[in-house]
Structure formats: C-alpha cells, structure tokens
Amino acid sequence: RDWADETCQPCNAGSFAAINSTECTPCPEGLTTFQNASTDRMACVCKKDYCSHGKCVKSVTSLKTAAVCTCNWGYTGSRCQYPTYFIILGCAVAVLLILCALAISFNRMRKFRKEK
C-alpha cells in the first residue's frame, strides 16, 4: 500500500480513528462522539436518551468501552425500558395460575376418592 496516495479524511461524528490510522471505528452501541475528527475511543460518550428511564454511564476497561444504564427506581432492563410492575404483575399472574391448577387438581382428586 502506498501511504503517499492516502488522503486523510476526518471521521464523522459517532466514530473515531486512532492516531496514525486511516480507518474510522464506530463508537460502541449507546455511545457517540459529538464532533468530527475524534482520535480516540475515549471521545465516545453516552448518547442522549440511550437509557429510557435511567442514567447512561460510560464503562471503560483496557479491552472495552461500553454504555451501561443505571435504572431509575421502578425500571429494569439493559436500557431501563421495562417497568418493574410488569414483572411483578407477570409473577402474580403466574402464581395465581399455579394456585388455580392446584385447586382444580385437588378438587378432582377429592371427587375421585369420594367415588371409590
């Protein structure tokens, strides 16, 4: 590859290119850059409204940069998109169904024993 023929183009917002690199790398999911020509993954910041009901925090390790949501009370999910009352309601319905099934089974067994 003839580097003399390479033209340096700045990366668009939402991506970065490391120093001495001609390749633009997109920021990880949930992160973006707000300006062109970013030169490091540390320039990637949380996108506005990435977390539906919570706060986005950029998590940085030596191997990975990621957007992590810290949910407000009453919400859950990777992006805080689920109200916890849906989960509680779902569990309550499941428990009621199990109790109904047990009651029906108990009544059938009692009826079967009376017939003998």
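Predicted model: local features only at pLDDT ≥ 70, side-chain atom pairs only at ≥ 80, totals over all residues.
1. Cys46 sits in strand S4 and Cys56 in strand S5 (residues 54–60), so the link ties together parts that are 10 residues apart in sequence. Both Cys46 and Cys56 are buried.

2. How many disulfides does the count come to? The count comes to 5 disulfides. If you number the bonded cysteines in sequence order, the pairing reads 1-2, 3-4, 5-7, 6-8, 9-10.

3. Next, Cys27 and Cys44: a disulfide joins them, S to S 2.1 Å. The link of Cys27 and Cys44 is left-handed, with -80° about the S-S bond. It connects distant parts of the chain, 17 residues apart: Cys27 is in the loop between strand S2 (25–26) and strand S3 (31–32), while Cys44 is in the loop between S3 and strand S4 (45–46). As for cover, both Cys27 and Cys44 are buried.

4. Then there is the bond from Cys51 to Cys69, where the S to S distance is 2.0 Å. This link of Cys51 and Cys69 is left-handed too, at -90° about the S-S bond. Here the chain positions are 18 residues apart, with Cys51 in the loop between S4 and S5 and Cys69 in strand S6 (residues 65–71). Are these two cysteines buried or exposed? Cys51 has a relative accessible area of 7%, so it counts as buried. Cys69 comes in at 14%, and it is buried as well. The cut-off behind both calls is under 20% relative accessible area.

5. Cys100 is worth a look while you are on cysteines. Its relative accessibility is 45%, so it counts as partly exposed. That class covers values between the buried limit of 20% and the exposed limit of 50%.

6. Zooming out to the fold, the protein chain has 1 helix and 8 strands. Along the sequence the pattern is β-β-β-β-β-β-β-β-α. The radius of gyration is 27 Å, well over the 13 Å that the globule rule gives for 116 residues, so the chain is more spread out than a compact globule. The C-alpha atoms fill a box of roughly 95 × 35 × 20 Å along the principal axes.

7. Which residues form a nonpolar patch on the surface? Tyr85, Phe86, Leu89, Val93 and Leu97 do, and together they have about 540 Å² of accessible area. One of them, Phe86, lies in helix H1 (residues 84–115).

8. A few totals to finish the picture. Buried residues make up 19% of the 116 residues in the protein chain. The accessible surface of the chain comes to about 9200 Å², and 60% of that belongs to carbon and sulfur atoms. Among contacts with a separation of 6 or more, residues 24 or more positions apart account for 20%.

Conventions. Residues numbered from 1 in each chain as written. Heavy atoms only, no water. Disulfide = S-S within 2.5 Å. Helix = DSSP H or I, 4+ residues; strand = E, 2+ residues; numbered from the N terminus. Buried < 20%, exposed > 50% of the residue type's maximum accessible area, 1.4 Å probe, protein only. Patch = residues over 30% accessible without salt bridge, like charges linked within 9 Å, V, L, I, M, F, W, Y side chains within 5 Å. Areas by Shrake-Rupley, 256 points an atom, 1.4 Å probe, with all protein chains shown as cover. Salt bridge = Lys/Arg side-chain N within 4 Å of Asp/Glu carboxyl O. Rg over C-alpha atoms; globule rule 2.2 N^0.38 Å. Contact = heavy atoms within 4.5 Å.
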